[in-house]
Amino acid sequence: MKKKIFSGVQPTGNLHLGNYLGAIKNFVSLQKENDCIYCVVDLHAITVKQDPKELNQNTLETTATFLAAGLDYKKSIIFNQSSVSAHAEFAWVLNCVSRIGWMNRMTQFKEKAGSNKENASIGLYVYPNLMAADILLYDASHVPVGEDQKQHLEITRDIAQKFNNDFNCKNFLIVPEPLIQKEFSRIMSLKDGKKKMSKSDASEQSRINLSDDKDTIANKIKRAKTDSLPLPGKKSELSSRPELENLMNMYSSLSNNKLENVINDFQGKNFAFLKDKLTEILIEKICPIGEEIKKLLNDATYLNQVLKEGSEKAHSIASSKIEKVYDKVGFLKLKN
Ligand code: AMP
Ligand code: TRP
């Protein structure tokens, strides 16, 4: 049966291999057989300080990345969140359904707010309610995300259930399922196999950006952290060697080959061999995406058109749902 898919990516610049293997690659394979909506979540981006010019550019860049990775805007709906006002409207309603106690458990808030919580934006605190609004507006049945977003999906489910209870409308909001890939759900830093690859890491060497050229990729992989043991023959031996596990996961995902097979192929070889092979496949799979992103960014008119078409389609679904939400809540609908 066809699934209704919704997912979002923040336009915060420089998408990396973790975003690609953890999320976007999966978006592309899902679009073949399902109804998919992919959103550039600019409202979420401003929960931390953004430079307005950069936010504008990054919105185009994330859109270009979606297209370059293989999303088809005629098949899937691609749009930016702020262009459909129902997201902000529904988020307000959900702010009033969701509980402070639930927000207080969110690990992403704790991580992003850091030591100075009093100074974090209120938007950052209620970020999960806006994310729930995104998903529930479109009756999404499945939400593909990286493992770090699992907690937000659980809150979305709680919010949907509470709304349905509070307003006595069983099954009105659809309780969505997360779609988290079992393998390579977390791509780790090249410098520390226990830390996730992230755009907020100060070291450029910790990540492969989708815009990196051949030489940059080769150099980063060459300098990636390793150990000195030969490559093992069993999956169980990987858990004590997180850096090796990470590189093998990358290779497995990029080559669309099971981790077990990759381990078999590389058994007994040394790290340099794995790094050479990984560099080769990264250049083959990632460089064309980077080049396509650059090309698309030269055509802002086209990107604008893609988002415009997507926004119109998204608006027609979202506006009909928000109207029903307002009705459930009891807002007076004015007559003409
Ligand atoms: P963000 O850039 O934080 O909006 O993330 C966009 C998507 O990429 C989300 O689904 C994340 O779960 C996913 N993601 C981000 N970093 C990683 C990583 N290191 N490994 C796997 N998935 C990731
Ligand atoms: N919070 C997600 C992230 O940081 C982005 C996001 C916003 C999202 N709204 C969403 C993901 C709805 C899935 C569905 O990665």
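Select asparagine 256 in this predicted model, and colour it by accessibility: because its relative accessibility is 58%, above the 50% cut-off, asparagine 256 counts as exposed. The residue sits in the loop that joins α11 (242-254) to α12 (259-266). If you then display what surrounds asparagine 256, leaving out neighbours within four places in sequence, you will find Lys25 and Lys285 in contact with it. A distance drawn from asparagine 256 to valine 40, C-alpha to C-alpha, reads 27 Å, and the two residues are 216 apart in sequence.

Because its relative accessible area is 18%, under the 20% cut-off, asparagine 19 is buried. Apart from residues up to four places away in sequence, asparagine 19 touches Ile24 and Lys199.

Now select ligand 2 and the 13 residues around it, of which Gly8, Tyr127, Met131, Asp134 and Gln149 come nearest. Glutamine 10 brings a polar side-chain atom to 3.4 Å from an oxygen atom of ligand 2. Taken alone, ligand 2 exposes 360 Å², and the protein buries 90% of that area.

Finally, show the pockets: the space that ligand 2 takes is the largest pocket. Colouring by element shows that β1 (4-9) and α8 (127-137) are those giving two or more residues to the shell around ligand 2, with α8 supplying the largest share, 4 residues.

Notes: Residues numbered from 1 in each chain as written. Chains lettered and ligands numbered in written order. Predicted model: local features only at pLDDT ≥ 70, side-chain atom pairs only at ≥ 80, totals over all residues. Heavy atoms only, no water. Buried < 20%, exposed > 50% of the residue type's maximum accessible area, 1.4 Å probe, protein only. Contact = heavy atoms within 4.5 Å. Near = heavy atom within 4 Å. Polar contact = N/O pair within 3.5 Å; in protein donor to acceptor, adjacent residues only side chain to side chain. Areas by Shrake-Rupley, 256 points an atom, 1.4 Å probe, with all protein chains shown as cover. 1 Å grid on protein atoms, 1.4 Å probe; cavity = no way out; pocket = protein on both sides within 12 Å on 5 of 7 lines; lining within 4 Å. Sits in = over half its atoms within 2 Å of the grid points.
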